[in-house]
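Biologist: I have the two-chain model open and would like to go through it with you. Could you take me through the helices and the way the copies meet?

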There are 2 protein chains.
Amino acid sequence: MKLLEDRIRTEGIVKSGNILRVDSFLNHQMDAALFREMAKEWKRRFAGAEVTKILTIEASGIGLACIAAEEFGCRAVFAKKTAGNNMDADVYATKITSFTKGRVYDVVVSKRFLTKDDRVLILDDFLANGCALLGLMDLVNQAGATLVGCGIAIEKGFQDGGRKIRDMGVKLESLAILESMEGGMITFREND
Amino acid sequence: MKLLEDRIRTEGIVKSGNILRVDSFLNHQMDAALFREMAKEWKRRFAGAEVTKILTIEASGIGLACIAAEEFGCRAVFAKKTAGNNMDADVYATKITSFTKGRVYDVVVSKRFLTKDDRVLILDDFLANGCALLGLMDLVNQAGATLVGCGIAIEKGFQDGGRKIRDMGVKLESLAILESMEGGMITFREND
């Protein structure tokens, strides 16, 4: 998606360790107008999929999921990273390893908001090794819901998450796929 | 705001310890269409305020902030609860006590996204004792930005956060103010 690639080129900051910082528009400060265009693009790529639920994980996916839910005309739900005191006891739970934060999270979603009748589109801001997506897919599976596919803002094409997910036969639509960031030079994989 | 009060009445679940669970539409599952109406109401109540930035805190405020940012035609930024490995070192920081989770968080926002030229509207889902709002106000103050006011979805009118904030001369617009939840019976304070 050219609009997103252009923003990554102009505002993205490449840090050591293959980290791309896009916090000026994606995951700290948020450009909701850009999110709207991204949501429309996912709607186009998942046309006819009859999505009934958008699933994401806190925190960076929430804004995208919320705007996309308006486009798809459904509810969004975000998986929570720990069971807080006022969290429903009746939850689906899984574990997700965050390499960025260097820890394992217990991730839960209430059974009331993910059911066997749901057709779920999973959305998230980044895809690298795929741990977050696999965890969310596990929650969808536990609910007996139908996974329509996954939408990602920025996929790190040089890590193996995308290949793993696609090899499972899952429809994965990343709006920008980074081919390389070597020497701070960002190149994208053809993807439209 | 009648639309929100009606949803609280029909879907809210009162738990012991004055906890109101509204996770079917506000802070776990999210009804973006409702968020849109709430954002329009904040826009009405802050008409002419020339808001340049919406500030919230992860995670529950993010969806509201994102939709509201579209209504106000500005960017949203969410304060982060800890400084992750790929967080900008150059941050404003404060501490916020969460009574729901029973812990103190270090909360940060990048100095790049909150400046002295910003006119900031703080948004959040709940207001009880006011700790989160006071922390976010501290971040606005550190940035030398102008605080336009605070917008809250649900204020617990029987706790003292609202009074504290209003006594400071801050324009605080809560879309629903709970007067009481005694015996599981929800009553609202007049507020339009």
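Biologist: Which are the buried residues of H3(A)?

Modeller: This is a predicted model, in which local features need pLDDT of at least 70, side-chain atom pairs count only at pLDDT 80 or more, and totals for chains, interfaces and linings use all residues. Residues are numbered from 1 along each chain as its sequence is written, chains are lettered from A and ligands numbered from 1 in the order in which they are written, and side-chain values use heavy atoms, with hydrogens and water left out. The buried residues of H3(A) are A:Gly61, A:Ile62, A:Gly63, A:Leu64, A:Ala65, A:Cys66, A:Ile67, A:Ala68, A:Ala69 and A:Phe72, where buried means under 20% relative accessible area, exposed over 50% and partly exposed in between, with a 1.4 Å probe and protein chains only. Helices (H or I, at least four residues) and strands (E, at least two) are DSSP runs, numbered from the N terminus.

Biologist: And how are H3(A) and H3(B) packed?

Modeller: Their axes are 8 Å apart and the helices pack at an angle of about 60°, with axes being lines fitted to C-alpha atoms, for helices over the stretch in contact, and angles running from 0 to 180 degrees between N-to-C directions. That makes H3(A) oblique to H3(B), since angles under 35 degrees count as roughly parallel, over 145 as roughly antiparallel, 65 to 115 as roughly perpendicular and the rest as oblique.

Biologist: Which residues make that contact?

Modeller: From H3(A) they are A:Ile62, A:Gly63, A:Cys66, A:Ile67 and A:Glu70, and from H3(B) they are B:Ile62, B:Gly63, B:Cys66, B:Ile67 and B:Glu70, with contact meaning heavy atoms within 4.5 Å.

Biologist: What rotation superposes chain A on chain B?

Modeller: A rotation of 180° with 0.0 Å of shift along its axis does so, at an RMSD of 0.0 Å, by least squares on the C-alpha atoms of residues with pLDDT of at least 70 in both. That is the relation of a two-fold axis. The copies meet through the same surface, because 100% of the interface residues of chain A are also interface residues in chain B.

Biologist: Switching topic, is A:Ile177 buried or exposed?

Modeller: A:Ile177, which lies in strand E10 (residues 172–180) of chain A, counts as buried at 4% relative accessibility.

Biologist: What does A:Ile177 touch?

Modeller: Leaving out residues up to four places away in sequence, A:Ile177 touches A:Glu155, A:Gly157, A:Arg166, A:Thr187, A:Phe188, A:Arg189 and A:Asn191.
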